[in-house]
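Here is a short note for a colleague opening this structure for the first time. Please read the points with the model at hand.

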Amino acid sequence: MRHTNTRGGHTPIRLFVIDHEELYRKGLSLLFSRDADIRVVGQARDALDACDSVRRVQPDIVLVGLNSRDGDSIARIKAIRDALPSAQVALMADRFTRADIVGAASAGVRGYITKDVQIGTLINAIKSVSRGEVFMPPSSSAMLVEEIASMNGDRGQEPATSVLDRAKVTDRERDVLQLLVQGATNRDIAGRLHISENTVKVHLRNILDKLHLRNRQQAAAFAVSSGLVRLRRDDTNGAA
């Protein structure tokens, strides 16, 4: 991406904030304005009403607050995506249901942020999404993994990766995958396995390369659907 920070000639991330609560919307905008790497370029109460503004100001990311009173939230997300396909979309909600996550993922949403996150986590989430990464709280990550595994099982789909590729995954890499399925962060995995975070990153990169996958969400989903790791009941309750 062209922007990671304002130093070295990089431009700030252009962010558009949508939330039906004016005070919350303005509070978020004020918080983001304190970070030199993020510039709030617009606000709106409703996603459908914001489409014209989004086209005009061309944000990099649109942060949408999910509101049960909005009706079909996914239709509103798709309207934003249609208005500006180049923009990434991140959602904020008190909590995410399986339907929220699966529907939003199908609409191309990259970020899922709960409203109880710390400010630093919120800032990092926006920056991660701006780099094209998926950001998701651990509990929701596990929920999505379970859903994908269930869908694959219902459809009788065979994983795209061969048995030979799966055999290349080492026991330690399986340990990493097991914790990944539980929604563990790199720091969590490092602590549980008594290794450094850099070593965790190396394991994850090796896993993605061996299995021909793009990100940790795909790795977690594949690990379950292919039988590389078993999804236990407590794995869907988030990281410990």
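1. Start with a charge over a ring. Lys 115 sits over the face of Tyr 24, 4.5 Å from the ring centre. The rule asks for NZ of Lys or CZ of Arg within 6 Å of the ring centre and within 35 degrees of the ring normal.

2. A word on the source. This is a predicted model: local features need pLDDT of at least 70, side-chain atom pairs count only at pLDDT 80 or more, and totals for chains, interfaces and linings use all residues. Residues are numbered from 1 along each chain as its sequence is written, and side-chain values use heavy atoms, with hydrogens and water left out.

3. The overall picture. The protein has 11 helices and 5 strands. These are DSSP runs, numbered from the N terminus: helices are H or I with at least four residues, strands are E with at least two. Of its 240 residues, 49% count as buried. Buried means under 20% relative accessible area, exposed means over 50%, and partly exposed lies in between (1.4 Å probe, protein chains only). The protein exposes about 12,400 Å², with 47% of that supplied by carbon and sulfur atoms. Areas come from the Shrake-Rupley method with a 1.4 Å probe.

4. Contacts along the chain. Take contacts between residues at least 6 apart in sequence: 68% of them join residues at least 24 apart. A contact means heavy atoms within 4.5 Å.

5. The cores. Which residues have the most contacts inside the largest nonpolar core? They are Phe 16, Ile 18, Val 62, Ile 77, Ile 80 and Leu 91, in a core of 29 residues. At least two residues each come from β1 (13-18), β2 (38-44), α2 (47-57), β3 (61-65), α3 (73-83), β4 and α4. Phe 16 touches Val 41, Ala 50, Val 54 and Leu 63, among others, not counting residues up to four places away in sequence. A second, separate core has 23 residues, including Leu 180, Val 181, Leu 211 and Leu 228. A nonpolar core is a set of buried Ala, Val, Leu, Ile, Met, Phe, Trp, Tyr and Cys residues joined through side-chain atoms within 4.5 Å.

6. Aromatic rings. The count is 1 aromatic pair. The rings of Phe 96 and Tyr 112 have centres 5.8 Å apart and planes at 80 degrees, so the pair is edge-to-face. Rings of Phe, Tyr and Trp (its six-membered ring) pair if their centres lie within 6.5 Å; planes under 30 degrees apart are stacked, over 60 edge-to-face, the rest tilted. Phe 96 lies in the loop between β4 (88-93) and α4 (98-106), Tyr 112 in strand β5 (residues 111-114). Phe 96 is buried at 3% relative accessibility, and Tyr 112 is buried at 1%.

7. The term means a side-chain nitrogen of Lys or Arg within 4 Å of a carboxyl oxygen of Asp or Glu. Asp 35 pairs with Lys 127, the closest N and O atoms being 3.3 Å apart. The two are 92 residues apart, with Asp 35 in the loop between α1 (22-33) and β2, and Lys 127 in helix α5 (residues 119-130). Asp 37 also bridges to Lys 127, at 3.1 Å. Asp 37 is buried at 6% relative accessible area, and Lys 127 at 16%.

8. A bridge within a helix. Arg 205 and Asp 209 meet in a salt bridge (3.6 Å, N to O). They are 4 residues apart in helix α10 (residues 197-211), so about one helical turn separates them. Arg 205 is partly exposed at 44%, and Asp 209 is partly exposed at 48%.
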